[in-house]
Amino acid sequence: MGLRRVRFWGAPLLIGALAVLAEENRVRNPGFEEVDASGATVGWPARPPAYRAGDGCGRDGTRGLAYENADPAFYAVPSRAVQAEAGRCYAFEVWVRTEGLAGEESGATVCMEWSDAAGRYLGGAYPAGVRGTSDGWRRVSGVTPPLPEAAARVTVAPYVRRGMTGRAWFDDLSVTRHVPPPVSAVSVSSYRRMSAGGEVTFWAGLRLTEAGLSAGEVEGVFTLVSAGGGEAVRTAKPDALAADLARWTVDVSALPPGEYRVRFGLAARGGGPLGEASARFLRVAELPPRRVQVDGRQRLMVEGKPFFPLGMYWSGVKEAELDTYAKGPFNCLMPYGSPDRAQMDACHARGLKVIYSLKDLYAGTQWAPKGLASAADEEAEVRRRVALHRGHPALLAWYINDELPLSMVERLEARQRLMEELDPDHPTWVVLYQYSQVRSYMGTFDVIGTDPYPIPGKPAGTA
């Protein structure tokens, strides 16, 4: 990871479920069954020496694709082109079985990639795979963001990640059109969805283009209801409605203090409902004091003063390196190796703030600590770490997600709610390479950074 500037903005809320439009599989010969007169597998180029398609390699003893490799330097991706349209999303999957698959990467998986007419790489979707020895066949799946207009060639590939050795088998590949719900989220302009009065803006994230709709074909309504009885206190049409969002700004000063929900419902113009989402909103008599928070101008405030975080990713904290670092312009750091109390003290002694990493505390993910096997394990470890460090003067924020997939969004939302409960004094931060899917993650963070690494292949504004 390179040097990042971190931009802070208000925290959003809830997303809807994903929807997949049932349609024909776009992958020809998805089970590697079809062979030509020479015995070659139709549509799948050979990738010797590790990959081969053959009888008995698939589910139920059918044909499939096998991987067997003892050389960590070997790397190849057996891919084939699929028909796909710009502006659309696609769901893809493969069934995988592994045996002794070892290495630093996430294992046997599947990906989709897209490039322009000149063959330049534009992007891809890369779900985590299966490693070790699997208990039978396991499904690996992903969903692409909307494909860019420049995407001229789209491919799908079942493969084993770089540097891994062992055995794997693949079968029943699939690529289908994916239609997300047209309403993805409702978010609130005020930090942690709390206001002491004045104007507040509510947004509904929309995905009309991906759903095959236009703004002229739909209409929407925002409703603010009391959380207790669900009584409507305000209802209004959006101030603006476009393909990607609806917006409503309202003065909440006259609202009695209490808990509310803001709902957005979308309907076909003159027709039935298309989708809805909602978010929690708190009207308070006065905002609570916080050591670190985001103010109404979207500035990070530390002990009541503006603080622009400028720092680097670190692998771990070493005091000799801190001495050098503290001589530069940096005022914070983000160590992947979560620092202990002495290391936090060392940072504070040099005037440096720490964005503390909890990003790996998800059972079943690639970098989860050993012994973290369940949701209960996750919560216990998060509670332990937060209790240890939430009062430390060096703490700036909690890093709770590094590029975890959209399929985990419910777990990520639950983690955000837990962090708000455990530490009202510090924001959460996440980083996503999935920059075009940010609205679907809106309930999972206070602060977000994106890392598509556009230089030199894409415009800097991609980030």
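Predicted model: local features only at pLDDT ≥ 70, side-chain atom pairs only at ≥ 80, totals over all residues.
Me: How many aromatic pairs does a search of the whole structure find?

Reply: The search gives 14 aromatic pairs. Take Y325 and F330 as a worked case: their ring centres are 4.6 Å apart and their planes meet at 10°. Planes under 30 degrees apart count as stacked, so the pair Y325 and F330 is a stacked one.

Me: Are Y325 and F330 buried or exposed?

Reply: Both Y325 and F330 are buried. The word buried stands for a relative accessible area under 20%.

Me: Which residues form one aromatic cluster?

Reply: One such cluster is made up of F202, F222, W248, F264 and F281.

Me: Rings can also face a charge. Which ring does the charged end of R59 sit over?

Reply: To count, CZ of Arg must be within 6 Å of the ring centre and within 35 degrees of the ring normal. The charged end of R59 is placed over the ring of W95, at 3.9 Å from its centre. There is also R97, which lies over the face of W169 with 4.0 Å to the ring centre.

Me: Now the backbone. What should I expect for phi and for peptide bonds?

Reply: Most peptide bonds are trans, and phi is negative in most residues other than glycine. The cases below depart from that pattern.

Me: Which residues does a cis peptide bond with omega of about 0° join?

Reply: That bond joins P48 and P49. P49 belongs to the loop between β2 (12–15) and β3 (51–54). A cis peptide bond is also found between I455 and P456, with omega about 5°. P456 is in the segment after β29 (447–450).

Me: Where does N29 lie, and what is its phi?

Reply: N29 is in the loop between β2 and β3. Its phi is near 55°, which is positive, and N29 is a residue other than glycine.

Me: Is N29 buried or exposed?

Reply: The relative accessible area of N29 is 7%. The cut-off for buried is under 20%, so N29 is buried.

Me: What about Y453?

Reply: Y453 is not a glycine either, yet its phi is positive, about 50°. Y453 is found in the segment after β29. Its relative accessible area is 45%. Values between the buried limit of under 20% and the exposed limit of over 50% are called partly exposed, so Y453 is partly exposed.

Note on methods. Residues numbered from 1 in each chain as written. Heavy atoms only, no water. Phe/Tyr/Trp six-rings, centres within 6.5 Å; stacked < 30°, edge-to-face > 60°. Buried < 20%, exposed > 50% of the residue type's maximum accessible area, 1.4 Å probe, protein only. Helix = DSSP H or I, 4+ residues; strand = E, 2+ residues; numbered from the N terminus.
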